[in-house]
Amino acid sequence: MPEPQPRRACTRCGRCCASSTPSLQLQDFRLVNNGMIPRSALYTVRVGELVWDNINQRNIPTNQELIKIKEKEQGTECVFHIPYPSRCTIYPQRPAQCRALKCWDTTEFEEVFIGPKLNRWELISDPLLHGLVREHERRCSYKQLSRLVKEIPEAGEKAVEEIIEVLRFDTGIRPFVASKLGILAEEIDLFFGRPLRTTIAMFGLQVIKEPDGSFFLTVRK
Ligand code: SF4
Ligand code: SF4
């Protein structure tokens with residue numbers, strides 16, 4: 001039997017596109033600025049949010065902001081990936097990490113990956129939006145949320161109330177900004193990150209919205 005030959009070229013099987021999405025490097029700015037990658041296909045991972053560490057195989061809080069391409073609902077597959085037959089709908093304009101990814105040799109990918117990342121501040125030119133994003137970060141940072149969650153065992157209801165206040169602000173500012181500044185609802189996660197009502201699961205908590213619009217915080221099942 002002949003020895004199987006090591007892979008030397010991409011077969012476009014799409015396995016990488018089905019298992020994760022790239023974060024954007026600074027060199028991808030042009031793609032977003034020119035609309036080749038629409039803002040509605042992106043979201044920000046904010047400082048302190050948990051991200052998967054491939055090397056140590058565990059979730060760790062990120063110490064720098066990232067912009068990622070969205071995954072298809074409740075999965076890991078890139079929104080630009082069409083599985084059968086496998087293809088990328090933005091292939092000529094795919095981001096730097098996708099261009100560098102060769103599953104048989106990670107050298108080029110690692111070189112690109114350690115380069116400067118694109119972040120949302122590079123994409124915000126409107127000073128009003130800039131101020132609102134800053135205020136959101138001041139009131140709803142993951143550092144703040146993490147501190148309040150740690151205080152629950154000692155401070156009890158007081159800490160829970162403060163967390164609910166953070167959740168209210170995070171939930172309320174999104175439709176407000178969309179309607180006042182004429183931003184598409186689908187673009188909001190790029191400017192404010194994913195809703196805390198969803199990502200609070202990383203702290204082992206779950207938010208239930210009551211019929212009267214109020215929030216109820218509970219331990220995640
Ligand atoms: S890089 Fe590898 S996993 Fe990704 S499409 Fe090409 S052959 Fe498939
Ligand atoms: S942008 Fe294209 S190449 Fe990159 S992960 Fe998505 S489908 Fe794959």
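Biologist: How many residues does helix α7 have, and how far does α7 reach from its first C-alpha to its last?

Modeller: Helix α7 covers residues 157–181, which is 25 residues, and it reaches 36 Å, close to the 36 Å expected at 1.5 Å a residue. That expected span is 1.5 Å times one less than the number of residues. Helices here are DSSP runs of H or I with at least four residues, strands are runs of E with at least two, and both are numbered from the N terminus. Keep in mind that this is a predicted model, where local features need pLDDT of at least 70, side-chain atom pairs count only at pLDDT 80 or more, and totals for chains, interfaces and linings use all residues. Residues are numbered from 1 along each chain as its sequence is written, while chains are lettered from A and ligands numbered from 1 in the order in which they are written.

Biologist: Which residues of α7 are buried?

Modeller: They are I163, L167, D170 and V177. Buried means that 20 or more other C-beta atoms, placed from the backbone, lie within 10 Å of the residue's own.

Biologist: And what do those buried residues pack against?

Modeller: Their partners are the helices α5, α6, α8 and α9, plus the strands β7 and β8.

Biologist: Let's zoom out. How is the chain divided into domains?

Modeller: Domain 1 runs 15–121 and domain 2 runs 125–219, with bounds from an automatic or database domain assignment. Their C-alpha centres lie 24 Å apart.

Biologist: Switching to ligands: which residues are around ligand 1?

Modeller: The shell holds C10, T11, R12, C13, G14, R15, C16, L101, K102 and C103. A residue counts as near if its C-beta atom, placed from the backbone, lies within 6 Å of the molecule. By class, five are nonpolar, two polar and three charged. Nonpolar covers Ala, Val, Leu, Ile, Met, Phe, Trp, Tyr, Cys and Pro, charged covers Asp, Glu, Lys and Arg, and the others, Gly among them, are polar.

Biologist: What about the classes around ligand 2?

Modeller: There we find eight nonpolar, two polar and one charged. Among the residues around ligand 2 are C17, C78, H81, C88 and C98.

How values were computed:
Buried ≥ 20, exposed ≤ 12 C-beta atoms within 10 Å, placed from the backbone. Contact = placed C-beta atoms within 7 Å.
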